[in-house]
Amino acid sequence: EDQSRAWRWAKSGGKWNSAPAVSLAIAKRSGANAVVLSDSILERLELLKGSLIPGGVDVAVTRNYGETANEKANELLFHLALATVSIVALIGFAIGWREAAVTAVVIPTTILLTMFASNLMGFTINRVSLFALIFSIGILVDDAIVMIENIARHWAMKDDRSRIDAAVDAVAEVGNPTIVATLTVVVALLPMLFVSGLMGPYMAPIPVNASAAMVFSFFVAVVIAPWLMIRFARKVIDGEDSHGHAEDGGKLGVAYAKVAHRIIDTRKSARLFLIWVGVATLVACSMFYFKAVTVKLLPFDNKSEVQVVVDMPEGTALENTARVLEDVAALTRALPETVSMEAYSGTSAPFNFNGLVRHYFLRARPEMGDVMVTLAPKDERDRSSHDVALDLREKLKALKLPVGASIKVVETPPGPPVMATLLAEIYGPDADTRRKTAVELEKIFKSVPYIVDVDNSFGDPRPKLRLVPERDRIDYYGLSERQINDSIGALLGSQTVGYVPRGDGRTPLP
């Protein structure tokens, strides 16, 4: 007797077709490369076709997190390269080509040293560690820029010092402030390493990689940057270097001096400027208080999947849950971004990190069902997965559900998942008081427009069917209540009454 059902909807020839399905979830070992593993599995699947996988059986890969990780890593590497090129171009425009060339060497050197240190500490290259490098690339070049700019300033002075002596004096002049600035950033980042709970190991690569990048950037700035400046140096002519930057700082220096002099020429102008800065700071901070800006920990991600979780009233038959899932699938098929769907009635869908935290692996009752929706790749659709989820949630409101049923549209979060975005726990002296309070609180939740998919954990007793044998009838047939109960148990349960031999050394059938 069926205790669960799984089936898949997919497009074939422009039409939607449904077929029974079996899902196989594969997890990687710790330290294995998800990208390499997923490619190897796809190659192995091709080899199995025609031998172990018979004709008429379609094998589809619905969640390739190796491919997703590869896309994210490549996207972050692109942004890492873009950030490096942007900084080099900015320095080339503001200071000179020689300084830009030094920066072009300093940034990759610092990043490679950081990756080496990260590898020694047991961290892998993943989305969080790459984000840490992009996050720190703006600050790790600060030390080198300070050194390079000060060396260029000393070289532009009209004195009898050699280039090497001037470079040494320039580095020594700003050495102590640079050390303090570097340590300040490290001290500001390191407390993130001691975050406990689920967020701790998730966020750990950020303070580790960013702090290591800052420390290495300092040593690169005081050792490699001055050496490169001397290697790339050219002859200074009449107090001006080869790029045309004079002692006054060039055109940018002249423009800056005009603005700065207006501010600091008099005590009144300087005080007025500070007052305006203070007012602007208060106005900016007040936006958080008045909720003029939306505050989020992480931005919405654009995934290629959305999950619909259906909870029917306790005691609902497996077939009734399956019918609701079919209705959900019919509405989901109308979305242009939908590529395929897998429906699970009475069992859980293969769960990811989000499902592991939310305990979706415990969903094994007939009244529970999931629909996993696979969307087209993000490059092939105009809407993000979040917009698709919002649209799907509006469409699902049209479904007529029995009292006590609920439908949730679940998105894969960009960071560590939680049990629920907003959770209220009610404590009270007895069950009736707790339930009445919970009902009122649920009404308040539903009255807030931006709170969606409100659900509770009340639960209702399952309906019971009690069979009472008629005493005179069983006496007439010479039976006992135990015999009747055993017969019903054998009929409705899974009791094996015998085995059928099949010969040829094969296992008998129960």
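Select leucine 272 to begin, and you will find it in helix α10, which spans residues 267–289; helices here are DSSP runs of H or I with at least four residues, strands are runs of E with at least two, and both are numbered from the N terminus. This is a predicted model, in which local features need pLDDT of at least 70 and side-chain atom pairs count only at pLDDT 80 or more, while totals for chains, interfaces and linings use all residues. Residues are numbered from 1 along each chain as its sequence is written, and side-chain values use heavy atoms, with hydrogens and water left out.

Leucine 272 counts as partly exposed because its relative accessibility is 47%, where buried means under 20% relative accessible area, exposed means over 50% and partly exposed lies in between (1.4 Å probe, protein chains only).

Go on to lysine 291, in the loop between α10 and β3 (305–311), where phi is positive, at about 60°, although the residue is not a glycine. Most residues other than glycine have a negative phi. Lysine 291 is exposed, because its relative accessibility is 72%. Histidine 359, in the loop between α12 (353–357) and β5, is another residue other than glycine with a positive phi, near 65°, and it is partly exposed at 40% relative accessible area.

Next, look for charged pairs. The whole structure holds 25 salt bridges, each being a side-chain nitrogen of Lys or Arg within 4 Å of a carboxyl oxygen of Asp or Glu. Select lysine 378 and glutamate 75, whose side chains meet in a salt bridge with 3.4 Å from N to O. This pair links distant parts of the chain, 303 residues apart, with lysine 378 in the loop between β5 (368–375) and α13 (385–396) and glutamate 75 in helix α2 (residues 65–94). Lysine 378 is partly exposed at 26% relative accessibility, and glutamate 75 is partly exposed at 35%.

For another pair, select arginine 482 and aspartate 486, whose closest N and O atoms are 3.9 Å apart in a salt bridge. Because they are 4 residues apart in helix α16 (residues 481–492), about one helical turn separates them. Salt bridges that share partners also join Arg8, Asp58, Arg63, Glu305 and Glu342 into one network.

Residues making the contact (heavy atoms within 4.5 Å) include Val146 and Trp155 of α5 and Ala167 and Val174 of α6.

Finish at alanine 132 in helix α4 (residues 127–140), which counts as buried because its relative accessibility is 0%. Not counting residues up to four places away in sequence, alanine 132 touches Pro205, Ile206 and Asn209.
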